[in-house]
Amino acid sequence: MSAHRLKLFPKNGIRKCLTGIDGLDQISEGGLPEGRATLVCGPAGCGKTVLAMEFLVRGATEFNEPGVFIAFEETGEELSQNAASMGIDLPGLCARKKLAVDHVRVDRSEIAECGDYDLAGLFVRLEAAIKAIGAKRVVLDTVSSLFSGLANVNILRAELRRLFSWLKSKGITAVITAEKGEGKLTREGIEEYVADCVILLDHRVENQTSIRLLRVIKYRGSMHGTNEYPFLIGSSGLSVLPLSSLRLDHKAPTQRIPTGVPRLDTMLGGKGFYRGSSILVSGGAGTGKSSLAAHFVKAACQRGERALYMSSERSTDEVMRNMRSIGIDLEPFVKRGLLHLCALRPGTFSLETHLLTVHNLMKTFNPKVMVVDPITNFVSLGTHAEVGSMVTRLIDMIKSRQITGMFTSFTSADSLPDFSEVGVSSQMDTWLLLRNLECNGERNRGLYVLKSRGMAHSNQIRTFVLTDTGIRLLDVYVGPSGLLTGSARMTQEAQEHAEATEREQRLKHKGSELKQKRQQLEARIASMRSEYELEEKSLLTDVHEMEMRGKQIALGRVEMSRARKADRIRGNGRGPA
Amino acid sequence: MIPQNRKSKSTTATRKSNGEEYVLRLYVTGATSRSRRAILNINAICGEHLEGKYNLEIVDILQNPALAREAQIVAAPTLIKLLPLPLRRIIGDLSDTERVLAGLDLKSEPRV
Ligand SMILES: Nc1ncnc2c1ncn2[C@@H]1O[C@H](COP(=O)(O)OP(=O)(O)O)[C@@H](O)[C@H]1O
Ligand SMILES: [Mg+2]
């Protein structure tokens, strides 16, 4: 983890403050600007408070940086309740002086305004809280409430400006939240004077599924991802999923792990899969895909490695029962905490949400191997391109964690595999094909290694049987006439088909890469433009203020000289001659 | 919410009452000119309109931040009318007497 983090520090430029929020540190290339204020804006319910809270809690618990939460909306109890739903003990953290929470109530119905004032009350309370716990981080959630509670916008603007520069002078890293405005980032135009980093959160419904999105609008002096990144709020807080595959620096795997079927290991150069590689197992109904996956998982658990098995088709009970019928009892592994079985229901969530679920499971359970059975059930959730990109990101996730992943793919019965079904075979390191074979009136199953990168693998079709003690690979498949011709031809065909699709995939990939680059470029241009506009606005405001001040000074001089003159005249009149 | 009988060196009470119908508290920040203006203004208003029936306490929040928190002070100066109910807050230097009187429910809102 820490090595992973260190890599995130920028090579040059400003100092950054890690948020500890999953994914956010990656897309912001190392966290928020240290000692500065970051503006987090978005509509109600988009997750501003959750993000701000997690920034403080992680700061306090993971980076030993105590934090002050100034809550304009929720009371301390409400915040504690919300935090508890994410497993955070807010009162406990406050008791240990890791956090301080101050609910600042601004109720317009109770307040009348009469003459000049400032926000010294807020300053004094904030300063006291900072001092009391030695805070390094501060959250103001949300400053929009100040504007709805107090009427004098000019005073508020000036005071917020003063507040932000005061925080800066104290070297505090702050997160300021504000409500999204019509056609601008915040209702009150706060983005004009919190200029270092601006993050926009959004909550949208797409294809009847709701999706949360995060975007770094601006980050002065730093590179940052310009895309909209989907994020989830769950029981472990907020996680942002970086788009892939930006990092191509996965270590090439060298270690090998058994497949769980000894004779399959033999077919794969005698040693099985590479650790951290991706394996596609495709075949028709009942060809034994899940059984193969169960062997793989069982072998991992027997080595004492944690395994994650995600079924997109059956309940976990069904999976266990089916596996028991071929003599694989997974229950002891579940009991020992080595195996996590879970059922994903493709229909109920978007692709992004599923990906995030998997991502979170990987993080919390930390498996060494994982299975998605079958991955084809997700196809209906998006276009080919979207599904393809989901698989790319999935593979990116497993590779960066050195997880060996097996994905099964359902293909229609006896034709050659329908290669367009997932559009992913080219991304997989190893591709196993399971087939029903008909010969001499006998039905057999056949297994064939279509490809396996980085190893000398068998090119033969092997028959196998499913017994009540598991999969058994038999000898080389012999065609109807006792010759290998039938299988040889099939092999040849399959191989040619595979090569053709792979070429096609690569071409498509290049095309989409180009498109993606173009989009990234455009997004960057747009972001630079909006950054420039913000800066221009704030400069203009500054200039205007300076002019005003200049005028006032000039006026003051005139008045003063008038006053002096009067004194002199009076003095002359009264003084002794 | 606001302790009624709390006394500290940062608060000074002006007692000119026997009935004490009006309990007021003015939160200021040290001896800035704005604070001084607010104090002068409220003293004048009380002297003129509440003679003999008020208790005014002045709190310096710079010396006692905890009191600012307890009383939910955001702006300074803030005048709080604790009694009679309902509780009212008037923020600012109290330079507009009519508005202050309206805020204290002593007069209806001035027409502008
Ligand atoms: N423990 C949790 N699990 C899942 N979702 C949660 C959890 N806690 C809060 N949420 C979700 O977070 C959202 C609230 O976000 P919040 O930060 O309060 O929004 P904002 O401050 O922008 O108005 C709600 O949609 C709520 O459903
Ligand atoms: Mg909120």
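How many residues does the contact take from chain B and from chain A? The contact takes 27 residues from chain B and 25 residues from chain A. The legends below describe close-up views of a predicted model.

**Figure 1. The interface between chain B and chain A.** About 2100 Å² is buried between the two chains, and carbon and sulfur atoms give 55% of this area. Q72(B), V74(B) and I91(B) supply 32% of the area that chain B buries against chain A, more than any other three residues. Across the interface there are 18 residue pairs in polar contact. Helix 1 (33-49), helix 2 (65-70), strand 5 (88-91) and helix 3 (97-103) of chain B each supply at least two residues to the side that touches chain A. Strand 5 of chain B gives the most to this side, with four residues. By residue class, the side of chain B that touches chain A divides into 15 nonpolar, four polar and eight charged residues.

**Figure 2. Strand pairing and salt bridges between the chains.** Strand 6 (residues 111-113) of chain A and strand 5 of chain B run parallel and are joined by three bridges. Within strand 5 of chain B, I91(B) stands opposite E113(A). The count of salt bridges between chain B and chain A is four. One salt bridge is formed by the side chains of R34(B) and D118(A), at 2.9 Å from N to O.

Figure 3. Chain B contains three helices and five strands, in the order β-β-α-β-α-β-β-α along the sequence. Of its 112 residues, 46% count as buried. The side chains of E57(B) and R25(B) meet in a salt bridge at 3.7 Å, N to O. E57(B) lies in strand 3 (residues 52-60) of chain B and R25(B) in strand 2 (residues 17-28) of chain B, so the pair ties together parts that are 32 residues apart in sequence. Both E57(B) and R25(B) are buried. In a further salt bridge, the closest N and O atoms of D105(B) and R88(B) are 3.1 Å apart. D105(B) is in the segment after helix 3 of chain B and R88(B) is in strand 5 of chain B, so that this pair links distant parts of the chain, 17 residues apart. D105(B) is partly exposed, with a relative accessible area of 37%, and R88(B) is also partly exposed, at 26% relative accessibility.

**Figure 4. A buried strand of chain A.** Chain A has 15 helices and 23 strands, and 51% of its 577 residues count as buried. Strand 3 (residues 37-42) of chain A is largely enclosed by the rest of the structure, because six of its six residues are buried. A37(A), L39(A) and C41(A) point one way from this strand, whereas T38(A), V40(A) and G42(A) point the other way. Strand 3 of chain A pairs with strand 8 (residues 173-179) of chain A in the parallel sense over six bridges. The bridge partner of C41(A) in strand 8 of chain A is A178(A).

Figure 5. The side chains of K335(A) and E331(A) meet in a salt bridge at 3.4 Å, N to O. K335(A) and E331(A) are separated by about one helical turn, because they are four residues apart in helix 12 (residues 331-335) of chain A. K335(A) counts as exposed, at 67% relative accessibility, whereas E331(A) is partly exposed, with a relative accessible area of 30%.

Definitions and conventions: Residues are numbered from 1 along each chain as its sequence is written. Chains are lettered from A and ligands numbered from 1 in the order in which they are written. This is a predicted model: local features need pLDDT of at least 70, side-chain atom pairs count only at pLDDT 80 or more; totals for chains, interfaces and linings use all residues. Side-chain values use heavy atoms; hydrogens and water are left out. Contact means heavy atoms within 4.5 Å. Buried area is the accessible area (1.4 Å probe) that two parts lose on being put together, summed over both. A polar contact is a pair of N or O atoms within 3.5 Å; within protein, one must be able to donate a hydrogen and the other to accept it, and residues adjacent in sequence count only if both atoms are side-chain atoms. Ala, Val, Leu, Ile, Met, Phe, Trp, Tyr, Cys and Pro count as nonpolar, Asp, Glu, Lys and Arg as charged, and the others, Gly among them, as polar. Two strands pair if DSSP finds at least two bridges between them. Buried means under 20% relative accessible area, exposed over 50%, partly exposed in between (1.4 Å probe, protein chains only).
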